[in-house]
Amino acid sequence: MTRCFYSGTQAHPIYVDHLPPSQARDDRLPIIMLHGAFHTGSGFIATPDGRDGWAPYFAQRGHRVFVVDWPGHGRSPARPDFHTLSIRDIVPSIALLVEHVGRSIIMAHSAGGPIAWAISENLPDKVAAVVGIAPGPPANIQSALPDDRVAIEALKFDEASGCPVYSPLDAPVHVDIPFIRDFWANSARFPQAGFEAYAKSIVAESPTVLNERFNIGRGGIMLAEPDVVAKRPILIVTGDSDPRHAREVDRKLADYLKGQHLWLADRGSQGNGHMLMLEENSDEIASLIADWLNANGL
């Protein structure tokens, strides 16, 4: 049975779904799942075509699973100044949850990556491992992009630059159906029968978060001590049809944090895009992650 509670800071509370394990196992650490920009934790609960998501998958394998809605996303309250929400606000909010749960694994998707890296640096004894699902990197290894709309829009489909988007800071950002199809539901593995339901799940995003994610105007989240983050097992998982995560980009991140890079095409899973937890072979990908966790005693 899924339970729920609220955590986070007073200024930025977060809603959390807690899935207890089907059968408790002392050798399984809790997993805290962090969604990416424009999304909510619902993407870990179920797929848009009605299958169980990764949260129940890992709960059935003995992990306590905690699925977060970032502040201002899903069922987490939004402040009137949501457009100013920063990754720097989100990190301490989720860090309180990590402290409450105790030593755990963070599974972070996309723009959840910089959150996971920062929490790992700030709470090194609480984060046992990080599984990055096409995760954003720390700004330490990102090119600083100009704070210039025209320059950024010219890079929209430039994979080497991460296909950045420029977001004016005065209002929340919304995306349209073409954007969703270009960057999230673009792959041959995305369940197109569930596209309409998936599109309805997309929420507004803070432009501050987006500009930090792409290191626009040098606003990205830097690690002061990346070696502290690299002291734990780290897995980076990438599909071969994700325009923002070319193989060399995510391999660079894995190398920087002394982690492992799972390029799914090397394991026979071709055609995967950005939303790996929603795609038609999501259970196969989860199984590969579970094997890695087992191999690392997690």
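**Exercise 1.** At what angle do α3 and helix α4 pack, and how far apart are their axes?

*Solution.* Keep in mind that this is a predicted model. Start by finding the two helices: α3 covers residues 87-101, and α4 covers residues 112-122. They pack at an angle of about 60°, with their axes 9 Å apart. Next, classify that angle: roughly perpendicular begins at 65 degrees and roughly parallel ends under 35, so α3 and α4 are oblique to each other. Finally, look at the handedness: the crossing of α3 and α4 is right-handed.

**Exercise 2.** Which residues of α3 and α4 meet?

*Solution.* From α3, take I87, I90, V91, I94, A95 and V98. From α4, take P114, I115, A118, I119 and N122. Now sort them by class: the contact has 10 nonpolar residues, 1 polar residue and no charged ones.

**Exercise 3.** In what order do the 8 strands of the open sheet lie, and why is one side of β1 and of β8 left without a neighbour?

*Solution.* Trace the sheet across: the order is β1-β2-β4-β3-β5-β6-β7-β8, with mixed pairing. β1 (3-8) and β8 (260-263) are at the edges and have a single partner strand each, so one side of each lacks a neighbour in the sheet. From one strand to the next, the twist averages 20°.

**Exercise 4.** How many bridges join strand β6 to strand β7?

*Solution.* Line up β6 (residues 127-133) with β7 (residues 234-238): the two run parallel and are joined by 4 bridges.

Technical notes: Residues are numbered from 1 along each chain as its sequence is written. This is a predicted model: local features need pLDDT of at least 70, side-chain atom pairs count only at pLDDT 80 or more; totals for chains, interfaces and linings use all residues. Side-chain values use heavy atoms; hydrogens and water are left out. Two strands pair if DSSP finds at least two bridges between them. Axes are lines fitted to C-alpha atoms, for helices over the stretch in contact, and angles run from 0 to 180 degrees between N-to-C directions. Contact means heavy atoms within 4.5 Å. Angles under 35 degrees count as roughly parallel, over 145 as roughly antiparallel, 65 to 115 as roughly perpendicular and the rest as oblique. A crossing is left-handed if the near helix is turned anticlockwise from the far one by less than a right angle, and right-handed if clockwise. Ala, Val, Leu, Ile, Met, Phe, Trp, Tyr, Cys and Pro count as nonpolar, Asp, Glu, Lys and Arg as charged, and the others, Gly among them, as polar.
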